[in-house]
Amino acid sequence: MSSNIERLQRISIRMRKICTFLMVAFPVSLVLDWSNLEFAAATMGMLDGLRFEAEFVGVENIALGMLINSILTTLAVLALYNLRKFFICNSEGNTFTSDAAMALHRFSKYLITYALAVVPVETAMGMAITMNHPEGERVLQASVSSEQLALIFLGFVFFACSWVLKESVFIAEENAQII
């Protein structure tokens, strides 16, 4: 039994490190992506599936697009932060505690919020990038992809698991008080 707990702790330590890395990598990649927007336009002519002409994209477009895109990055970092807290609890051997259950619960809420926010954020980003384009070339697009639906589904799966974990912790604490 202790070998399973030790294995769980080792995996949790690795996952905690991966979450920490991603919490730093996401904001850094946001800044790098938007600071190299002209390169993206020259090489691909598009950003996130949105075609745009680099000559019409000014500094205000880049700043506004980066600000709008930072909403998704913030939600992703907050989700990773709570997932990291969950793995910290597991790495310390506190798997069935209210702290671990709440961390997983908050992670699932941020994951669902992220998936639901993608459509309006990408729509606003398209408007921000193309607002200086000539009339008729401005973009207002809204689309839902299977990836977003999968994220919403996974968010609800994690939400259900966290709810079961929270209830299990509550029942275990209640039983411990009786004995």
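Reader: What does the accessible surface of the chain come to, and what share of it belongs to carbon and sulfur atoms?

Author: This is a predicted model, in which local features need pLDDT of at least 70 and side-chain atom pairs count only at pLDDT 80 or more, while totals for chains, interfaces and linings use all residues. Residues are numbered from 1 along each chain as its sequence is written, and side-chain values use heavy atoms, with hydrogens and water left out. Accessible areas come from the Shrake-Rupley method with a 1.4 Å probe, and for residues only the protein chains shown count as cover. The surface of the chain comes to about 10,900 Å², and the share of carbon and sulfur atoms is 66%.

Reader: Which pattern does the chain follow along the sequence?

Author: Helices (H or I, at least four residues) and strands (E, at least two) are DSSP runs, numbered from the N terminus. The chain has five helices and two strands. Read along the sequence, their pattern is α-α-β-β-α-α-α.

Reader: Is Asn82 buried or exposed?

Author: Asn82 is placed in helix 3, which spans residues 59-91. Leaving aside neighbours within four places in sequence, Asn82 is in contact (heavy atoms within 4.5 Å) with Ala103, Arg106, Phe107 and Tyr110. Buried means under 20% relative accessible area, exposed over 50%, and partly exposed in between, with a 1.4 Å probe and protein chains only. Because its relative accessible area is 3%, Asn82 is buried.

Reader: What is the distance by which the C-alpha atoms of Asp33 and Met66 are separated?

Author: Asp33 lies in helix 1, and its relative accessible area of 48% makes this residue partly exposed. Asp33 and Met66 are 33 residues apart along the chain, and their C-alpha atoms are separated by 8.9 Å.

Reader: Which residues form a nonpolar patch on the surface?

Author: Patches are made of residues with over 30% relative accessible area and no salt bridge; like charges are joined within 9 Å, and nonpolar side chains (Val, Leu, Ile, Met, Phe, Trp, Tyr) within 5 Å. A salt bridge is a side-chain nitrogen of Lys or Arg within 4 Å of a carboxyl oxygen of Asp or Glu. Phe153, in helix 5 (residues 146-178), counts as exposed because its relative accessibility is 57%. With about 350 Å² of accessible area together, the patch is formed by Phe153, Leu154, Val157 and Phe158.
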